[in-house]
Amino acid sequence: MKSLKVVFLGTPEFAKTSLEAIHQSHHQVVGVVTVADKASGRGQKIHQSPVKVYASENNIPVFQPEKLRNPEFLEELRQLDADVFVVVAFRMMPKILFEMPKMGTFNLHASLLPDYRGAAPINYAVINGEEKTGATTFFINEKIDEGNILLQEELAVLPDENAGSLHDRLMEMGSKLVVKTLDGLAENSIEERPQPSVEHPKNAYKIFKEDTKINWNAPSKTVHQFILGMSPYPAAFTTLMIENEEKGLKIFAGKFELADHGQNAGTLSISKNEFKIYTEDGIYYPQELQLEGKKRMMVKDFLNGFHSYEGISLKS
């Protein structure tokens, strides 16, 4: 089978797995483009992206341009004479870059396009209670996640699966799909096709802090899926009032039951042995949580941290 010369563009762990799969295939990774190193954490240590770490360990040339239109950077990439660029979890690319390789540039997206275009497809698939999702490889054009589809593969979403677990399964599946796409392009056996025209495709917009707040007035199932879809990152939160102090409370996991309780949605019942929050149609029981300023813990340890449960309520 023909071996393709590949330039890989990506940043996080999700991308690193695809880079590793290509590197271990018969295709040749001639260069990697990733985000610039940045200082993070308490000690402001210099942090390298997972993609850079892998590329450096395997002696693959690394490019970290601040601007993707930088003429020197573009010329260096041209010199690599790649057949194709592969993009996984990277930023928006200018036309001058994605049109550079003779075969074009394709992207791996963690959804069954055209549904869930955008930055957070995995989170929204769980939040919306989808029973299946998948991964798509497609040629990049000037519109976000709208290029012609190359290959697509489905994956069942497991009952009570959170975004973190689904992320890891899609990461593995997606890496195989990327290599399969390269093989198909090398053999000229893939017929690209336009994305189906859907009047209202489901969106996966970028998630901001204000989007992670739990709405306790919603049905229990909706609350449950929202918490799973935000877990472990960016994490769904609510606000506790402890005496007169506001404290953020992240909830990572829990269970619910449907019940006629006669309580206002968003009120809580808390004691040494139980923590429950009333929803529109039932009760939600947080099981794994993190109070502002504390570490993540199970609900039993959380409850043991209080001397008294008087004066604890949910901020409305």
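## Sheet and strand pairing

The bridge partner of K132 in strand 9 is A156. Strand 8 (residues 132-139) and strand 9 run antiparallel and are joined by 7 bridges. Helices (H or I, at least four residues) and strands (E, at least two) are DSSP runs, numbered from the N terminus. The model is a predicted one, in which local features need pLDDT of at least 70 and side-chain atom pairs count only at pLDDT 80 or more, while totals for chains, interfaces and linings use all residues. Residues are numbered from 1 along each chain as its sequence is written, and side-chain values use heavy atoms, with hydrogens and water left out.

An open sheet is formed by 7 strands in the order 5-2-1-6-7-8-9, with mixed pairing; two strands pair if DSSP finds at least two bridges between them. Strand 5 (62-63) and strand 9 (149-156) stand at the edges with a single partner strand each, so one side of each is left without a neighbour in the sheet.

## Helix packing

Helix 6 lies across strand 1 (5-10), strand 6, strand 7, strand 8 and strand 9, and runs at about 150° to strand 9.

Helix 1 (residues 13-23) packs against helix 2 (residues 50-57) at an angle of about 25°, the axes being 8 Å apart. This makes the two helices roughly parallel (angles under 35 degrees count as roughly parallel, over 145 as roughly antiparallel, 65 to 115 as roughly perpendicular and the rest as oblique). Axes are lines fitted to C-alpha atoms, for helices over the stretch in contact, and angles run from 0 to 180 degrees between N-to-C directions. Helix 1 contributes E13, A15, K16, L19, E20 and H23 to the contact, and helix 2 contributes P50, V51, Y54 and A55; contact means heavy atoms within 4.5 Å. By class, these residues comprise 6 nonpolar, 1 polar and 3 charged (Ala, Val, Leu, Ile, Met, Phe, Trp, Tyr, Cys and Pro count as nonpolar, Asp, Glu, Lys and Arg as charged, and the others, Gly among them, as polar).

## Lining of the largest pocket

Helix 1, strand 6 (84-88), helix 4 (95-98), strand 7 (105-109), helix 5 (121-127) and helix 6 (163-186) each supply at least two residues of the lining of the largest pocket. Helix 6 gives the largest share, 4 residues. The lining has 26 nonpolar, 8 polar and 9 charged residues.

## Backbone features in loops

Two cis peptide bonds are described here. One joins S231 and P232, with omega about 5°, and P232 lies in the loop between helix 7 (220-229) and strand 10 (236-242). The other runs from Y233 to P234, with omega near 5°; P234 is likewise placed in the loop between helix 7 and strand 10.

D160 is not a glycine, yet has a positive phi of about 60°. D160 is found in the loop between strand 9 and helix 6.
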